Amino acid sequence: MDKFKSIRAVAAPLPMINIDTDMIIPQKHLKTIERSGLGQYAFSNIRYHDDGSERDDFILNQPAYRNAEILITGENFGCGSSREHAPWALKDLGLKCIISSSFADIFYGNCFKNGILPIKLPQEIIDDLMKDAQRGANAIFTVDLENLEITRPDGDVIKFEIDGFRQHCLINGLDDIGLTIEKDEKITAFEQQQKIQQPWLYE
Amino acid sequence: MTSPRTLYDKIWDAHIVEEQQSGNSLIYIDRHIIHEVTSPQAFEGLRMAGRPLRRKETILAVPDHNVPTTEDRETRVDSIESKTQLDALERNCKEFDVDYIPMMDARQGIVHIVGPEQGFTLPGTTIVCGDSHTSTHGAFGALAFGIGTSEVEHVMATQTLILKRSKNLRINVDGDLGLGVTAKDLALAIIGNIGTAGGTGYVIEFTGSTFRNLSMEGRMTVCNMAIEAGARAGLIEPDQTTYDYVKGKPKAPKAAAFEMAVNYWNGLKSDPGAKYDKEVFIDATEIVPQVTWGTSPEDVLPITGVVPSAENISDPEKKASVERALEYMGLKPGEKLTDLIVDKVFIGSCTNGRIEDMRAVAEVAKGRKVADSVEALIVPGSGLVKLQAEQEGLDKIFIEAGFDWRQPGCSMCLAMNADKLLPHERCASTSNRNFEGRQGAKGRTHLVSPAMAAAAAITGHLTDIREL
Ligand code: SF4
């Protein structure tokens, strides 16, 4: 997995609430057995016209935001399905950090598995950042995961919080399957115990 | 003495392999259901890392999202991509020696209908699936939740997940549901009450006489929609209704093992005085048949209501969201919901594709005719539901009334097969999500109960079942 230490990039404002996973990646594009190549379909229902041409009113189509790596957006981002195709598509589109006042639980967890940093902040701060992000090519933010800080375009610094284990894995690009496999003895011990208490789960 | 614990706390505690310093726990996973859409990349990951499945016997695989629902389904997979996913599931299951139910098997169906039917879903277990509606299995008093593909791979390789304990939310509903009011209306009313983010960070325990009096089918409908309220999992404590359902199912414990299991399951109850982080109380007698008007399950109203207006909403983002929903749905504020004309009706999905739902539809359909202007699809949730319905003669009632009686699968719930809405078509649907484009690009979904969907098919417009 890619490491995430610190990024300095343009942030795009997408002030919609309840952006669901069907909107992030419509189901007709889920028919893949790969993880890559989904960026072209990200947000396709609001990003393209029916004929496939780009909609000017979609923020990431605007020249200043084409290379945005940060998205600032409304509450309950990522609600709906468990599809990891959603973070895969966002990642493939070049987004590395999503900032919102709240995320759906499954989506939030899926981001970390794919090198995307989701940041939760109170709505008042999101409102301020949303205004900052409207400065087009000047909407440049720094997101520093090691120090848990966002630096706004005017230099103000905002602190954020993240679970320590997730921070560690993301900074070091660690695959948590490898880490868990090292716990094999404990897992086996659990199974032996459970087999005594609930033998029907082992028949 | 330990302090009183909730049902969730008990299941969680019984599955801790290790508590980690970061506040996370390594949690053991007992059961894993997989389907064709979210598993291929996980198998691929295992292959690339040279990792085996830790306990292949804990996995059950069944294709559902992409499968055609027509009679000649085997030869009708409508796109090369769908076929690639279906083939990949079969190939992976062979290679890794996983229990696999093929598309043409009588037991095939939607993952969340097949698990319970096969007795794979058991009280007190942890159950995961790469699908958010895994919450359905919480109806058995199992901790069941949807996971992403990376976690699917994590469970395959280690039989565990690294998780943080959720908060406890109790939703208590007491009283009898009125005539024509079903578990689906109850679920929608709850979401309308707490909102689609109301359960975020929580596991919901549904308590109270209303849930106790529901059948397993009804309980599954409610837990199925816990995710639409933002909660990863919903739970109902197991009782005699649960045991009666589980008993005799193919993979359920038998004879002495069953007695032993029941003994264990009887302990799966929240202790008196257990603390919840949040509690919501609802009076069942006040719930009337529900219908969604917008593009989020929280956009829900009593069928007697009118389309809302965005005018008095002060929050600009919320206002914009309502305006957008009205435009997308092609609705004008003030229109009566019962005046909305439907083009299609979809009855099925893991929310309402079980035998009880089929019976509810048959009751409405009997001796009536689907309106000429409506195309109405009934897709049973599994081959076994289909068989049972046919044994009861329900299929004859459906066909006689002009419904299209199909083969099992997810179908028009998410339109990954050929069953979809055309742009701007309006649909009364028994599924769980009314997101933009969910049932087909630009399609307009109104979520309702099976009886209400059947009523809409007959009259051609959204209908209050109590007045039919
Ligand atoms: S029926 Fe619908 S919600 Fe249920 S698993 Fe299938 S696609 Fe998902």
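This is a predicted model: local features need pLDDT of at least 70, side-chain atom pairs count only at pLDDT 80 or more; totals for chains, interfaces and linings use all residues.
**Ligand shell and chain interface**

Between the two chains, the contact (heavy atoms within 4.5 Å) takes 78 residues from chain B and 60 residues from chain A. Together the chains bury about 5,400 Å², of which 54% lies on carbon and sulfur atoms, buried area being the accessible area (1.4 Å probe) lost by two parts on being put together and summed over both. On the side of chain B, Gln41(B), Arg54(B) and Glu317(B) lose the most area to chain A, together 12% of what that side buries. Ten salt bridges, each a side-chain nitrogen of Lys or Arg within 4 Å of a carboxyl oxygen of Asp or Glu, are counted between chain B and chain A; Arg54(B) forms a salt bridge with Asp184(A), with the closest N and O atoms 2.5 Å apart.

Residues are numbered from 1 along each chain as its sequence is written, and chains are lettered from A in the order in which they are written. Local features need pLDDT of at least 70, side-chain atom pairs count only at pLDDT 80 or more, and totals for chains, interfaces and linings use all residues, while side-chain values use heavy atoms, without hydrogens and water.
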